[in-house]
Amino acid sequence: MSVLLDVQNLGVSFDTPSGLVRAVSDVSFQISAGSTVAIVGESGSGKSVTAQAILGLLPRPASINSGEILFNDVESHGAEGAPIDIAKLDPRSEAFRQIRGNRISMIFQEPMTSLSPLHTIGDQISEALLLHRDADVAEAKALSIDMLEKVGFPDPVRAFDTYPFELSGGLRQRAMISMALVCRPALLIADEPSTALDVTIQAQILKLIKDMQQDLGMAVLMITHDLGVVANMADEVVVAYHGEIMERGSTKDIFSKPKHPYLKALLKAVPHFDMKDGERLVPLREIKHEAGTLLREYVGAKPKHGKAPILSVRNISKSFENRSHKGLFTSSAAIKPTLVVDDVSFDIKRGECLGLVGESGCGKTTLSKIIMRSINPDNGEVVFSDNGEDTDLLHLGDQAMIPIRQKIQYIFQDPFSSLNPRMTVHDLLSEPLAIHGIGDATYRREFVQELMNLVGLDPRWLNRYPHSFSGGQRQRVGIARSLALKPDLVLCDEPVSALDVSVQAQILNLLKDLQKDLGLTYLFISHNLAVVDYIADRIAVMCAGQIVEVAPREELFRNPMHPYTRALVAAVPYPDPNHPLDFAALKEEQASSPAHWPEPFGPLDDTTTPLLNCGKGHLIRAHKKPSSAGGPA
Amino acid sequence: MLEYLIRRVFSMMLTLAAISVLVFIIIQLPPGDYLSTYIAELQSQGEMVDEEKIEFLRRQYGLDKSMPEQYFTWVFGLLQGDLGYSFEYNLPVNEVVGDRLFLSMVLNFATIIFIYMVSFPIGVYSATHQYSWGDHGLTLIGFLGLATPNFLLALVLLYFANVWFGTSIGGLMDPQYLDQPWTIDKAWSVAAHLWVPVVVIGTSGTAGMIRRLRANLLDELHKQYVVTGRAKGLSPGKLLIKYPLRMALNPFIADIGNLLPQVVSGSVIVSSVMSLPTTGPMLLGALQSQDMYLAGSFLIFLAMLTVVGMFVSDVLLTVLDPRIRLTGSTRA
């Protein structure tokens, strides 16, 4: 196979006020026509900068200062021409613009922000055609609709005139892909194309990229930190660390015989389903942390673990009105409220970690907000049990709620927006104490220092502002803040999904240790099954506002019974080339819609499906116990 | 949509009614009324005050009636287009305001257009060439404009306009056209006088506008969809206009509500200094002398412009931004 793109000794550096900073140095790799190469690495490894250099999209202070990028594409330089050295082209030049979006195109991580919210997706897709093909508007529209159909839009003609925010995350990414592929490029650069998506959607998008690759015969450069995605997609792997290439080779070799210590460490930092009980993740940089005396006191004062639930959620329902389905002239009477949380009940026992899994939009975050009383449900009750005293949180007045708020705390998903950038870490950590009037200034200062030690941060950093911390460090500040009030129950809403794999392992280990040391109870919400499998004792699977299956951790993933859980488990990419995703078995977005569930899980009639107990704490939503429990999906 | 419009118009009327009550109360708040101010003025000039005449005037103007009665008389008059009677000018308010309203609209519209024409190109340039010499230089000039007191600049410009072009000092037209019917020559004279106040008032506005546009656009320029556009192979100019600039405009459309009343009432100080026949100084005078109906009419008119401006900008935003048109807040 001919080499399509040949990157030789590429060096990119950023011109910063403190001098030149090398982001990428001496990077070389080749991409053959029609093949897939993956660049793996954590953030800051230079993988995205490499991609930006290939497409001439480097931010202003960055420039290529050595090496060449040879693009050997017949359509770009004619049959006899020599390969074009992209590194020598002016990124603003007409010649480069002819390649960009035409012969090389790119898809990005976040499908919402990478599409303009003010223009219809049809407008944005056909734009590339109008630029690069001498197509008129009608032709461009026809070709775009054609492409929308290819990427799996159910109604491409209607989709042409929709705005990005009217689409689900998966469809948005499909729109993005059709935009990148509409000119039939020779090379597609995919920058974390599935990271922001749910597992089931991720599997579909990966399948789509593979299908389109075969269809159009293009090469793919995949940039990702997810080794599972790499194992399933790539022919060759390039491992980047600190702007340099650590190791490269065929996917099989890389996974079976990793040589470089960095790669070995990376493989150990990823949670996977085959972990033994009690096996710990090994983060690249372990953090040391300790609980001080003030915190130890609070552990001693806690009631012992018991069978009694600390939190009982009973029959919670919540619906929202949705205006997006409303046409310009429909009256408000036609709006149907959507049931976001539908009759959900579960218990969390003291000292356990209950994992709550489900795709975005299934109502898991709404549920956690209901428990925090930041949203009021339509009906149901949330009973919090404190030293044998049961309180229904939903019927407490705002004043009576204040002491309870000390017992339940929240860790947020986004470590960037959940910390006030104008407050120092000291202010952030002592604010909960100030709000609840706990201790005097000396006590607070001492306690805050202890909190910093608890999450493995240097207490000397207390006067810094959040922006001087990395994402993982910020998340640790967020964790410390949630522990400032010595809570019993901590709600963790996707606390690691915004973090790198290596940092993710750090945070997961920290959360695990804190739970053990301080006797905490977690409700751990995540869409990442492997993460939940690593940290949770029991797991509840949520779909379309309902809990469809609850089981102890080892039971759920080894023996999933509900079709939705099975679809979820089947869609998780394993970091192992010998264990590929079964793309053929993927059902198009049907697993998450109750109407498509087979007997006995689907709705027989209008009556609600009950949760049945199948023994060993395994609950499942079905009309009768499934006969084929344990069999393949 | 129609339902929404009707609901909005209805709530606008309620708002205006509430404002009219407030305006009336605030004007009446200081002790005394126009006549007591008038008496004090006469006495300070050593003139005799004829008690009977005052009593007559008081009855004539309806000042002896109760507050609610006065209020309703005023409001019903307003609804029929009768703005009341100005004590100070001894004329119906309609006639007092007449030309001034038109001239101040001309002046302020010209100013707004001047501000937009100057600050848009500069703002876009500053944002796209952030931290370049051009950015710093233009920003500096903008700040100079913001920091220079308007009346000072006004005096300087008036002087040079007079020395170089022979334009008469002050006013919006040559003295011989005052109170004359409109002719081509009069309009020409207005145009010749207009540019000085436009530049004076405009310079202070451009700096703020440049900074705002620069900040808005800078925010947008770093968004991911701009990179997507570049990755598509769009040329920089096309990209800028189609995506980030379009997004950066929203705050300016939302600002129309504040702009409209400014068109009528803005620039009081400059107008006083340059003795411009606009409404600003007149409103100031009316408030000082408790010329109730004149001040009230002005304030109500400004309130109406604000409310209408808000309505216009809301409707425009709905039309221009699909996110506002198609999604709504979910009521929790």
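B:Arg214 and B:Asp135 are both buried. Buried stands for under 20% relative accessible area, exposed for over 50%, and partly exposed for what lies in between, with a 1.4 Å probe and protein chains only. Their side chains meet in a salt bridge, 2.9 Å from N to O. A salt bridge here is a side-chain nitrogen of Lys or Arg within 4 Å of a carboxyl oxygen of Asp or Glu. B:Arg214 sits in helix H8 (residues 184–221) of chain B and B:Asp135 in helix H6 (residues 133–147), so the pair links distant parts of the chain, 79 residues apart. Helices (H or I, at least four residues) and strands (E, at least two) are DSSP runs, numbered from the N terminus.

The model is predicted: local features need pLDDT of at least 70, side-chain atom pairs count only at pLDDT 80 or more, and totals for chains, interfaces and linings use all residues. Residues are numbered from 1 along each chain as its sequence is written, chains are lettered from A and ligands numbered from 1 in the order in which they are written, and side-chain values use heavy atoms, without hydrogens and water.

**Salt bridges**

Over all chains, the count comes to 20 salt bridges. Three of them are listed here.

| Pair | N to O distance |
|---|---|
| A:Asp73 and A:Arg103 | 2.6 Å |
| A:Asp378 and A:Lys318 | 3.8 Å |
| B:Arg214 and B:Asp135 | 2.9 Å |

A:Asp73 and A:Arg103 form a salt bridge. The two residues are 30 apart, A:Asp73 in the loop between strand E4 (62–71) and helix H2 (74–77), A:Arg103 in the loop between helix H3 (94–99) and strand E6 (104–107) of chain A. A:Asp73 is buried at 5% relative accessibility. A:Arg103 is buried too, at 8%.

The bridge between A:Asp378 and A:Lys318 ties together parts that are 60 residues apart in sequence, because A:Asp378 lies in the loop between helix H13 (364–371) and strand E14 (379–386) and A:Lys318 in strand E11 (residues 309–321) of chain A. A:Asp378 is partly exposed, at 43%. A:Lys318 is buried, at 3%.

Salt bridges also form a network of A:Asp123, A:Glu127, B:Lys232 and B:Lys242.

**Chain B as a whole**

Chain B has 17 helices and 2 strands. Its C-alpha atoms fill a box of roughly 85 × 65 × 35 Å along the principal axes. Of its 332 residues, 42% are buried. Chain B exposes about 17600 Å², with 69% supplied by carbon and sulfur atoms. These accessible areas come from the Shrake-Rupley method with a 1.4 Å probe; for residues, only the protein chains shown count as cover.

**Surface patches on chain B**

Patches are made of residues with over 30% relative accessible area and no salt bridge; like charges are joined within 9 Å, nonpolar side chains (Val, Leu, Ile, Met, Phe, Trp, Tyr) within 5 Å.

A nonpolar patch covers about 1200 Å², and its residues include B:Phe151, B:Trp164, B:Trp195 and B:Ile269. Helix H7 (150–165) and helix H14 (268–273) each supply at least two residues. H7 gives the most, with 9 residues. B:Ile269 lies in helix H14. B:Ile269 is exposed, at 58%.

A negative patch includes B:Asp50, B:Glu51 and B:Asp64. Asp and Glu count as negative, Lys and Arg as positive; His and the chain ends are not counted. Helix H3 (residues 51–60) gives the most to the negative patch, with 3 residues. B:Glu51 lies in helix H3 and is exposed, at 59%.

Technical notes: Charge placed at Lys NZ, Arg CZ, Asp CG, Glu CD.
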